[in-house]
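Here is a friendly walk through one protein model, from its strands to its helices and its core. Have the sequence and the 3D view open as you read.

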Amino acid sequence: MDRYFIKIKTDGTTERITDDGKLETLQKAVGGPIEVIPLKLLGNIPGDFLFIVNERGKLLDLEVNFRATFLLSVDRHMNSDIIVGDVLVAISSGEDIIGLQMDMVEEVEKYVRKIIKW
């Protein structure tokens, strides 16, 4: 079964990235070494969600990702950091980072579009 990451770009658009199980795919999508940020919730959608971000994004002065920052602030009850650069939405399975199944991809994309109107 195919799995996908949802890439939330700094311009507010989203893109699906196929999960091929390679670290290089994650690094290419965020433009460098990765950092994992766990999310407690993503709307009412069940799952152990993660944001995958560029570990050096702030040092590189990447553009603020307002959509991802807002989603993180909702998760952390407005007590969160600013997210920069493109972000991947993934889920955790134990110690592994995996993509979402298609039904979950569609649900998450719908939630992301609904919560923030660009």
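## Strand β1 and its partners

Two strands are said to pair if DSSP finds at least two bridges between them. In this predicted model, β1 and β5 meet that condition with three bridges, running antiparallel. Within this pairing, Lys7 has Leu88 of β5 as its bridge partner.

β1 also pairs with β2, again in the antiparallel sense, over five bridges. Here Lys7 stands opposite Glu15 of β2. The two strands form a hairpin with five residues between them, and Gly12 in the turn has a positive phi of about 95°. Strand β7 (residues 100-101) is joined to β1 by two bridges, also antiparallel, with Arg3 and Gln101 as bridge partners.

How enclosed is β1 by the rest of the structure? Five of its six residues are buried, so β1 is largely enclosed.

Helix α1 spans residues 23-30, and its buried residues are Thr25, Leu26, Ala29 and Val30. Why do they lie on the same side of α1? They cover an arc of only 120° around the axis, which puts them there together.

After the helix comes Gly31, with a positive phi near 80°.

## The nonpolar cores

The largest nonpolar core has 22 residues, and those touching the most other members are Leu42, Phe49, Phe51, Ile83, Val89, Leu100 and Val108. Two or more residues each come from β1 (3-8), β4 (49-54), α2 (66-75), β5 (87-93) and α3 (102-115). Helix α3 gives the largest share, four residues. Apart from this core lies another, of ten residues, among them Phe5, Ile34, Leu88 and Ala90.

## Glu107 on helix α3

Glu107 sits in helix α3. Is Glu107 buried or partly exposed? Its relative accessibility is 41%, so Glu107 counts as partly exposed. Glu107 and Ile45 are 62 residues apart in sequence, while their C-alpha atoms are 7.7 Å apart in space.

Key
Residues numbered from 1 in each chain as written. Predicted model: local features only at pLDDT ≥ 70, side-chain atom pairs only at ≥ 80, totals over all residues. Heavy atoms only, no water. Core = buried A, V, L, I, M, F, W, Y, C linked by side-chain atoms within 4.5 Å. Buried < 20%, exposed > 50% of the residue type's maximum accessible area, 1.4 Å probe, protein only. Arc of directions from axis to C-beta.
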